[in-house]
Amino acid sequence: MTAIGEEVGRLLDVLGVDRTIWTDGSMPALTPLTGEQVGMVRVADAADADAGLNQAVAAFRAWRAVPAPRRGELVRLFGEELRAAKDDLAALVTIEAGKIPSEGAGEVQEMIDICDFAVGLSRQLYGLTIATERPGHRMMEVWHPLGVVGVISAFNFPVAVWAWNAALALVCGNSVVWKPSEKTPLTALAVQAIFARAAARFGDAPQGLSQLLIGGREVGEALVDDPRVALVSATGSTRMGRAVAPRLAQRFARAILELGGNNGVIVAPSADLDLALRGVAFGAMGTAGQRCTTTRRLFLHDRIYDEFVARLKAAYASVAVGNPLAGEVLVGPLIDRAAFEAMQEALAAARAAGGIVHGGERVGEGASFYVRPALIEMPGQVGPVLEETFAPILYVMRYDDLDAAIAQHNAVAAGLSSAIFTTDLREAERFLAASDCGIANVNLGTSGAEIGGAFGGEKETGGGRESGSDAWRQYMRRATNTMNYSDALPLAQGVSFDL
Ligand code: NAD
């Protein structure tokens, strides 16, 4: 066994994952750091999915009767277990998803943060009382647990996205069934083991309250099509969302869709360019361009274009690319060969459309795929600029009129995250009012959202919202209750129906 394989074994042992589950299966688990196989994971078949969903339904029926603040106690314990496991789980995220260590740790921190948020929420699942038009009546709106929540997640946030959903779903009184990315099964197994420790400390959590179904698209489809699953929260490409959304609509199931992005930044002439440089560099190169919120399009005002491009080029030339376990780097690997090939295709298409490409070369060879981030000066927003390529490519374009730049910014299919760098208050407000994205920022980049806000985007990003604010409501059903405490039966709208 190689050093990295041994490290995976050590981490999974420490995290409490039974060896047979990840060594005796049929699905290879790979690390993008070297491309080597580090496990063979058991895949759920149709019988496993059926049994799991039956158990999830039974768990929901028991869990919904537990008072919400007590449900919050389980999530509090889970947060404690995550704190204890943070370093090991973060190291596994680095090995399985290729994130640099600080980003791996950041991802686990996000899980801890959403647990804290959900614990508070468990005492704040507030409804309303509503004025009624009838005397002697009272009207109220009450939130009830929903049912089994299915979570389908993407490789690039292998654990945090599940936690955003699960922490809220659990305090809201639901059970959770998780289909992680087939590219990141080991971190999912580790999270389940950590959750099992919290459940054991809690004492009387129902069996099967949180479950894992490992496999590819067909396992995801089983969740999507099964009437026992009340809500499916699906994170991944727009292509996946296009397949999943009609199937959920067909059976009137609830959907939270968190799909692709094509995020833009505008740098205005008044911008603090030091700040803008850091914001754009992290947004475009961080996580090797593999965030849904990665900055992919940059609109630079004519007056600062030359200076800013020169500074960006220097930043791109100096950034360290390589194996995050082997040294101090800021850009790790692409997830696999397909990602590399998609990037090369986009670079070729950009050249064909008149783009001037800086960077983008492969670093090293073999079964892993490291690339230098690419900066491409484009004559306009054409060809590959209109698409999300899940790799570190930043398309740079000029503008001279802010309204035209905002119109260009909005003229793509996705609508996730956006930003402007400016010190002009009027420009900032104009941008915030006009950006058609779910996230719009001033003087910070497009990536790195906090859990306190609702996260998600419009248009082909799917319209879903997760995490903070009032996203919890999607994991509950709302009932309007009217109580009559009078001796009469007045009908609404003054209707008379006297027998
Ligand atoms: P992907 O679409 O290939 O896979 C995502 C998940 O969906 C996987 O678990 C996969 O098995 C499953 N899946 C695929 N097709 C399915 C189908 N027809 N039915 C049911 N399940 C199906 O995405 P990926 O390559 O893992 O992740 C990258 C993509 O995810 C990018 O487009 C990125 O922007 C997006 N993403 C979005 C968000 C967000 O919050 N908006 C967050 C992270 C990633």
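Biologist: How do S5 and S6 pair, in the parallel or the antiparallel sense?
Modeller: In the parallel sense, over 5 bridges. S6 covers residues 175–179. Keep in mind that this is a predicted model.

Biologist: Which residue in S6 is the bridge partner of Val 148?
Modeller: Ser 175.

Biologist: And what joins S5 to S8?
Modeller: Another 5 bridges, with the two strands running parallel. S5 is residues 148–152. Gly 150 has Val 232 of S8 as its bridge partner.

Biologist: What is the strand order in the sheet?
Modeller: S7-S6-S5-S8-S9. The sheet is open, has 5 strands and pairs in parallel. S7 (210–212) and S9 are the edge strands, each pairing on one side only. From one strand to the next, the twist averages 15°.

Biologist: What about S8 and S9, how many bridges there?
Modeller: 5 bridges, and the strands run parallel. S9 spans residues 254–258. Leu 231 sits opposite Arg 254 in S9.

Biologist: How does the chain get from S8 to S9?
Modeller: Through H9, in a right-handed β-α-β crossover.

Biologist: Switching to the ligand. How many residues surround it?
Modeller: 29. The closest are Ala 154, Gly 220, Gly 236, Glu 258 and Cys 292.

Biologist: Which helices supply at least two residues of that shell?
Modeller: H8 (217–225) and H9 (238–250). H8 gives the most, with 4 residues.

Biologist: What is the make-up of the shell by class?
Modeller: 12 nonpolar, 11 polar and 6 charged residues.

Biologist: Now H6. How far does it reach?
Modeller: 17 Å from its first C-alpha to its last. That is close to the 16 Å expected at 1.5 Å a residue. The helix has 12 residues, 160–171.

Biologist: How many of the H6 residues are buried?
Modeller: 12 of 12. Among them are Trp 162, Trp 164 and Asn 165.

Biologist: What comes just after H6?
Modeller: Gly 173, with a positive phi of about 95°.

Biologist: Which residues other than glycine take a positive phi?
Modeller: Phe 252 is one of them, with phi near 55°. Lys 459 is another, at about 50°.

Biologist: Where does Phe 252 lie, and is it buried or exposed?
Modeller: Phe 252 lies in the loop between H9 and S9. It counts as exposed because it has 7 C-beta neighbours inside 10 Å. The cut-off for exposed is 12 or fewer.

Biologist: And where is Lys 459?
Modeller: In strand S21, residues 458–459. Lys 459 has 18 other C-beta atoms within 10 Å, so it is partly exposed.

Biologist: Last one, Gly 203. Where is it?
Modeller: In the loop between H7 (185–202) and S7.

Biologist: Why does Gly 203 count as exposed?
Modeller: Because it has 9 C-beta neighbours inside 10 Å.

Biologist: What separates Gly 203 from Val 43?
Modeller: 29 Å between their C-alpha atoms. Along the chain, Gly 203 and Val 43 are 160 residues apart.

Notes. Residues are numbered from 1 along each chain as its sequence is written. This is a predicted model: local features need pLDDT of at least 70, side-chain atom pairs count only at pLDDT 80 or more; totals for chains, interfaces and linings use all residues. A residue is near a molecule or strand if its C-beta atom, placed from the backbone, lies within 6 Å of it. Ala, Val, Leu, Ile, Met, Phe, Trp, Tyr, Cys and Pro count as nonpolar, Asp, Glu, Lys and Arg as charged, and the others, Gly among them, as polar. Two strands pair if DSSP finds at least two bridges between them. A crossover is right-handed if, with the strands pointing away from the viewer, the path from the first strand over the helix to the second runs clockwise. The expected span of a helix is 1.5 Å times one less than its number of residues. A residue is buried if 20 or more other C-beta atoms lie within 10 Å of its own, exposed if 12 or fewer, and partly exposed in between; C-beta atoms are placed from the backbone. Axes are lines fitted to C-alpha atoms, for helices over the stretch in contact, and angles run from 0 to 180 degrees between N-to-C directions.
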